[in-house]
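The entries follow the order in which I looked things up.

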Amino acid sequence: MIKLSSSEESRFRELAESIIFHPEFQKMKKLKAHGKKTVFEHSMDVARLSFKWNRQLKLNIDEKELVTGALLHDFYLYDWHQ
């Protein structure tokens with residue numbers, strides 16, 4: 001899991017909560033992505049890392065759009081391994 005400071009985590013959650021708690025997004029917890037990670041965990045990692053790099057590198061990308069895109073980049077509800 002990508003670690004954020006407590007203030008960054010609060011801001012991240014504020015930006016992400018409408019997506020991560022949505023019932024359809026929650027279904028991704030049952031689907032495997034890479035290795036032992038679920039699609040949900042993978043998407044959360046990608047979103048946190050994108051959020052962190054945006055701030056560290058001062059890229060000035062809109063945080064809401066960045067987090068939304070990162071969370072939904074692998075949004076699918078089927079097992080692509082089969």
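This is a predicted model: local features need pLDDT of at least 70, side-chain atom pairs count only at pLDDT 80 or more; totals for chains, interfaces and linings use all residues.

Residues are numbered from 1 along each chain as its sequence is written, and side-chain values use heavy atoms, with hydrogens and water left out.

I found a polar contact of 3.2 Å between the side chains of Glu63 and Arg11. Glu63 lies in helix H4; helices (H or I, at least four residues) are DSSP runs, numbered from the N terminus. I recorded Glu63 as buried because its relative accessibility is 15%. For this I used the cut-offs under 20% relative accessible area for buried, over 50% for exposed and partly exposed in between (1.4 Å probe, protein chains only). Not counting residues up to four places away in sequence, Glu63 touches Arg11, Leu15, Phe51, Asn54 and Arg55, contact being heavy atoms within 4.5 Å.

**Arg11**

I placed Arg11 in helix H1 and listed Arg11 as partly exposed, because its relative accessibility is 28%. Leaving aside neighbours within four places in sequence, I found Arg11 in contact with Phe51, Arg55 and Glu63.

**Phe12 and the core**

I then examined the largest nonpolar core, which has 19 residues; Phe12, Ile20, Phe25, Val67 and Leu71 touch the most other members. Such a core is a set of buried Ala, Val, Leu, Ile, Met, Phe, Trp, Tyr and Cys residues joined through side-chain atoms within 4.5 Å. Helices H1 (6-20), H3 (39-56) and H4 (63-72) each supply at least two residues of this core.

I counted 2 aromatic pairs in the structure. Phe12 and Phe51 form an edge-to-face pair, 5.9 Å centre to centre with 70° between the planes. Rings of Phe, Tyr and Trp (its six-membered ring) pair if their centres lie within 6.5 Å; planes under 30 degrees apart count as stacked, over 60 as edge-to-face and the rest as tilted. I found both Phe12 and Phe51 buried.

Key. A polar contact is a pair of N or O atoms within 3.5 Å; within protein, one must be able to donate a hydrogen and the other to accept it, and residues adjacent in sequence count only if both atoms are side-chain atoms.
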